[in-house]
Amino acid sequence: MSIPKAPALKFINATEVDITVSFKPLEGQDMKYELQWKEVQASWDEHMKSSFVESPSEAVATNLEPGTTYCVRLVCVDGDSKGEPSKEVIVDTEQVGCTPTADKKACCVVS
């Protein structure tokens with residue numbers, strides 16, 4: 001049985017350290033999905049990180065560097081075999097903020 005190409009990703013949100021994307025699961029397929037990401041200038045073979053998708057339609061790349069551009073893609077997985085990746089989504093993580101928020105009591109000081 002051949003493994004299908006992964007569904008397209010849709011960008012949802014980016015924070016300083018996370019990128020959230022969504023996708024429409026393949027109908028009639030009992031597939032597991034793996035989210036893969038890397039810094040934009042890196043090669044997929046040497047610098048890729050990944051995690052298996054827990055949600056049926058949303059995935060999060062975590063522990064990213066602030067202010068960095070990433071390529072994110074999805075892959076269908078069946079046992080030890082993987083299908084063709086989805087088209088890459090290129091996303092920048094947010095810069096480290098300088099203003100306080102409700103959950104962070106911080107401020108940048110410029111002297």
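**Core, pairs and charges**

Author: In this predicted model, the largest nonpolar core holds 21 residues, and those with the most contacts inside it are Leu 9, Ile 19, Tyr 33, Leu 35, Trp 37, Val 53 and Leu 74. Two or more residues are given to this core by each of β2, β3, β5 (58-61), β6 (69-78) and β8 (89-92), and the largest share, four residues, comes from β6.

Reader: Which residues does Val 53 contact, leaving aside its neighbours within four places in sequence?

Author: With those neighbours left aside, Val 53 is in contact with Phe 23, Tyr 33, Glu 34, Leu 35, Glu 58, Ala 59 and Leu 74.

Reader: What makes Phe 23 and Tyr 33 an aromatic pair, and why is the pair called tilted?

Author: The ring centres of Phe 23 and Tyr 33 are 4.8 Å apart, and rings pair if their centres lie within 6.5 Å, so the two rings qualify as a pair. Their planes stand at 55 degrees, whereas stacked requires under 30 degrees and edge-to-face over 60, and therefore the pair is tilted. By this rule the count comes to one aromatic pair. Phe 23 lies in the loop between β2 (19-22) and β3 (32-39) and Tyr 33 in strand β3, so the pair ties together parts that are 10 residues apart in sequence.

Reader: How do you know whether Phe 23 and Tyr 33 are buried or exposed?

Author: Buried means under 20% relative accessible area; Phe 23 has 6% and Tyr 33 has 7%, so both residues count as buried.

Reader: Why is the contact of Glu 34 with Lys 82 called a salt bridge?

Author: A salt bridge needs a side-chain nitrogen of Lys or Arg within 4 Å of a carboxyl oxygen of Asp or Glu; the closest N and O atoms of Glu 34 and Lys 82 are 2.7 Å apart, so the term applies. This pair links distant parts of the chain, with Glu 34 in strand β3 and Lys 82 in strand β7, 48 residues apart. Glu 34 has 4% relative accessibility and counts as buried, whereas Lys 82, at 44%, counts as partly exposed.

Reader: How many salt bridges are there by this rule?

Author: The count comes to three salt bridges. One of them joins the side chains of Glu 84 and Lys 5 at 3.9 Å, N to O, and it links distant parts of the chain: Glu 84 is in the loop between β7 and β8, and Lys 5 is in the segment before β1 (10-14), 79 residues apart. Another salt bridge is formed by the side chains of Lys 24 and Glu 27, at 3.8 Å, N to O. Exposed means over 50%, so Lys 24 at 59% and Glu 27 at 67% are both exposed.

Reader: Why is Ser 86 given its accessibility label, and where is Ser 86 found?

Author: Ser 86 is found in the loop between β7 (81-82) and β8. Its relative accessibility is 5%, and the limit for buried is under 20%, so Ser 86 counts as buried. Not counting residues up to four places away in sequence, Ser 86 touches Lys 5, Ala 6, Pro 7, Ala 8, Leu 9, Arg 73 and Leu 74.

Reader: Where is the confidence lowest and where is it highest?

Author: Confidence is lowest in helix α1 (residues 44-47), at a mean of 88, and highest in β2, at 96. Over residues 105-109 the pLDDT is below 50, and beyond near neighbours in sequence this stretch has five contacts in the model. The mean pLDDT of the protein is 87, with 86% of its residues reaching 70 or more.

How values were computed: Residues are numbered from 1 along each chain as its sequence is written. This is a predicted model: local features need pLDDT of at least 70, side-chain atom pairs count only at pLDDT 80 or more; totals for chains, interfaces and linings use all residues. Side-chain values use heavy atoms; hydrogens and water are left out. Rings of Phe, Tyr and Trp (its six-membered ring) pair if their centres lie within 6.5 Å; planes under 30 degrees apart count as stacked, over 60 as edge-to-face and the rest as tilted. Buried means under 20% relative accessible area, exposed over 50%, partly exposed in between (1.4 Å probe, protein chains only). A nonpolar core is a set of buried Ala, Val, Leu, Ile, Met, Phe, Trp, Tyr and Cys residues joined through side-chain atoms within 4.5 Å. Contact means heavy atoms within 4.5 Å. pLDDT is the predictor's confidence in each residue, from 0 to 100.
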